[in-house]
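Dear colleague,

I am handing over the structure shown just below, and I would be glad if you could look through it with the notes that follow.

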Amino acid sequence: MTLVERTEELAALQGAFDGLAHTRGSLVVLSGAVATGKTTLLRAWEEHLARSGALMLTATACRAERDLPLGIVDQLLHSPGLPAESADRALRWLDEAGAPHSTAAGAGAGADGGPVLAAPALRGLCDVLRGLADERPVVIAVDDAHHADAASLRWLLYLVRRLRSTPLHVILTEYAQQKAANALLDSEFLREPTLRQIRLEPLSKAGVTALLAQHLDERTAQDLTPVVHEMSAGHPLLVQAFIDDRRTADRSDDMAGEAYGRAVLSFLYRHEAPVTEVARAVAVLEGHASPALLGRLLDVDPATIARAVRQLTVTAVLHEGRLCHPAFRDAVLDGMAPEERRALHGRVADVLHAEGAPATEVASHLVAADRSDAPWAVPVFREAAQLALDDDAVETGVGYLRAAHRRCRDAAQRAAVVGALADAEWRLDPAKVLRHLPDPTADAFAADRADGAYAAPPLPAHLLWHGRVTEGLDAIDTLTGPGAAGAGPVNAADLDTPWLWGAYLYPGHVKERLGSGVLPQQRSSTPPAVTPELQGAGVLMTELLHGGERGATDAAERALNRYRLGPRTVAVQTAALAALIYRDRPHRAAAWCDGLIAQATERNSPTWRALFTAERALIHLRQGDPAAAARQAESALALLGPKGWGVAVGLPLAAAVQAKAALGDVDEAAALLERPVPQEVFQTRTGLHYLAARGRYHLATGCYYAALCDFYACGKRMSSWGVDLPALEPWRLGAAEAYLALGESLLARQLVDQQMALPTPAHGRTRGMTLRVRAATYEAPERAELLGEAVAVLQDCGDTFELARAVADQSVVVRAAGEAERGRILARKAQLLARRWGHSGHGFVHDGSDGLDGEVSDGDGQSMPCAPDAELTDAERRVAELAADGCTNRQISRRLCVTVSMVEQHLTRIYRKFNVKRPDLRALLE
């Protein structure tokens, strides 16, 4: 390793040696934290001295040989540079004195009980080294002297004191924070007058950059410096390991590899116990490692823990209870055997639970420990799961509940956990709930509840979602029936939420189960819902079951405005959104739906997001934007699989099919219809939309009798369920269009008249659609009058798709009445409207005229798509109005007091923005 930021240290070593090499000796101690480069500096200085002619005697102490008497002395006397004759003399003295490899007597015992060389041996060895120093400087270098045996340190101290006037130079490296084998390094050596201490510090950021730049290009080195300095705390050992990983694996990122992991373990093992154990505990505790907690966890006295924490802090790898970098922490954990790590997590869980730590902290360690014997584990997991779910860490909450489920000890506890687990998993994917659904044995459930074996309902809302409507409603009845009275009160959310899902999905079944309009709260033995999130649920439920409920739209707006999306509010907010949609309030519903989609994304629930995205697709259809509806429906279908959608799959499929049919993409619509759907879908409200969408596909493909079958099937269900409301699904209009295509205008008129007699919003899109189809059953002039009224209503409600159809019909009627120019303008307007919702406009108006079916093109004949949200500015509108009246550009400039160039610029922007030519401006302005 090349030396970096060690210029001052090398100068200090040079100063200690210069001028004394041939006159007297020196004593240098290189100290510093572990892995600060002491050994590298020592080796570099040894090479320098060897080149200058000095005799090098080297040794390296280690923890494993600390109890080997005179082990360092033995290493020094076996140095390669030592002359053979001198080595033999010295080794004979060791043999006579009782060296490590000898059993001869002659060594005494020191105050600490360790061996001490006898005086003759000390003098003999001293004479050997004096003779060598008379010929040339002698350098004794001992690395990691804090691990040296006591006898060797005594001998070195004897040499330093006896040979001060000879060129004998002793260089030691030590970790100052670690206690030596005895107190010599910290006491007697410090009293030597020739002593010079040199302190090595970790590398600065500039030093890390310099070291990286020796192996990487300068720009990369600068970019990597911040993260590498944090990962290494400036220790050259760790920086070099990072470089080795990058070169070996040809990495281009800032991730650590195997070399870094080994270096971290080596770094820790160089410390005395319990530093490694403390580092592992800190890595497991993740920021909660107080000294007191570490002491209880490791069963070590506070003083020892404090010393270990101080050592890690001095080395800058520990700061405020956390290790310096996640990569360092991962390396520490990876260095543990799996069973050892699990055992440590288990001890942490016990200690934290005893300390009253938050449930989330305890639960994470229980999961990592994979323990099942703690009696308090299940309540902790349930509490931690609820906290995680409230914080939108859904997958974490699910993991805690699954862990709790594996540890349940009785049926009541298991039932409660299963209910919570199903609700949490439903947020991610309703298909995951299927394995938790009970067998269809409502009577058995009632018996279990009476015996206290169950503490939670058997997932009625999830049964309804997955098409098991009878079982789901039976489960609700069991909770609210006479047998439930002795089982204690039931949470309102356990009742109102499944009732709302039932009313939303199965209005017919729920109405039949409830009887003559009785609300669930009136049938229940439990008190009415007082949960704030469920206020207004009764009004919305009645609206879904019957329609026409007074105050339903206000209740829906309040429910959507009052609460954040959550597990207890998703049902009521879905019902509120549906109430606005089926009251012909698509624009109000759109604003709320966009907010709900954003909240669902923020709260990490693919299910909620998919549900509201499908609703948004339906809203786009009712706003007259099939292109956007197709995109949203496809996005919703991609968020959940077929099993996850359950019976609600009819909603996104219906929106996608109807949108594709409206756009003329009948092949894609056919492919969507080939997807299998559960038969239970046709018992649901979403099945109504699916049947109607399939009918519109058949209309688009000319299969009029098939379309009639679908529309009448839709109508039959709506009538039998008591929800035959045109704003829910105007099936009569679809059937009437099929009859008109078959030439049965009388039958078509009958259906339209029936729909006109039903309650519809006075200015809603349903009324505008009805007027358009009704006009087709009349002759002129009644047809023109009805179409005019339809256009006015559809303009007010903002349904561009239906407005384009009405204007197209109007253009045909006007042209037939002899107003060719006005008919041409209306036809062009219909084409422009069609382009706004994604239709090419080509062939949209079938009136047999020339030139009206073609694309609007630019000056080069290239087709230009229309910007769907384009609007005229005030200046553009004034210019367009005058141009439509036949004024020339110069006349317009005079009228508006602007330059001709400005007029031309405005007109160019208008042509490009709306893809029109000058003759089309009148249609654009109408």
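A residue is called buried when its relative accessible area is under 20%, exposed when it is over 50%, and partly exposed in between, with a 1.4 Å probe and protein chains only. This is a predicted model, in which local features need pLDDT of at least 70 and side-chain atom pairs count only at pLDDT 80 or more, while totals for chains, interfaces and linings use all residues. Residues are numbered from 1 along each chain as its sequence is written, and side-chain values use heavy atoms, with hydrogens and water left out.

By that definition, Phe682 and Tyr690 are both buried. They form an edge-to-face aromatic pair, 5.8 Å centre to centre with 75° between the planes, where rings of Phe, Tyr and Trp (its six-membered ring) pair if their centres lie within 6.5 Å, and planes under 30 degrees apart count as stacked, over 60 as edge-to-face and the rest as tilted. The whole structure holds 10 aromatic pairs, and ring pairs also link Trp426, Trp465, Trp501 and Tyr504 into a cluster.

Elsewhere, Arg749 lies over the face of Tyr778, at 4.1 Å from the ring centre; a charge sits over a ring if NZ of Lys or CZ of Arg is within 6 Å of the ring centre and within 35 degrees of the ring normal.

With kind regards
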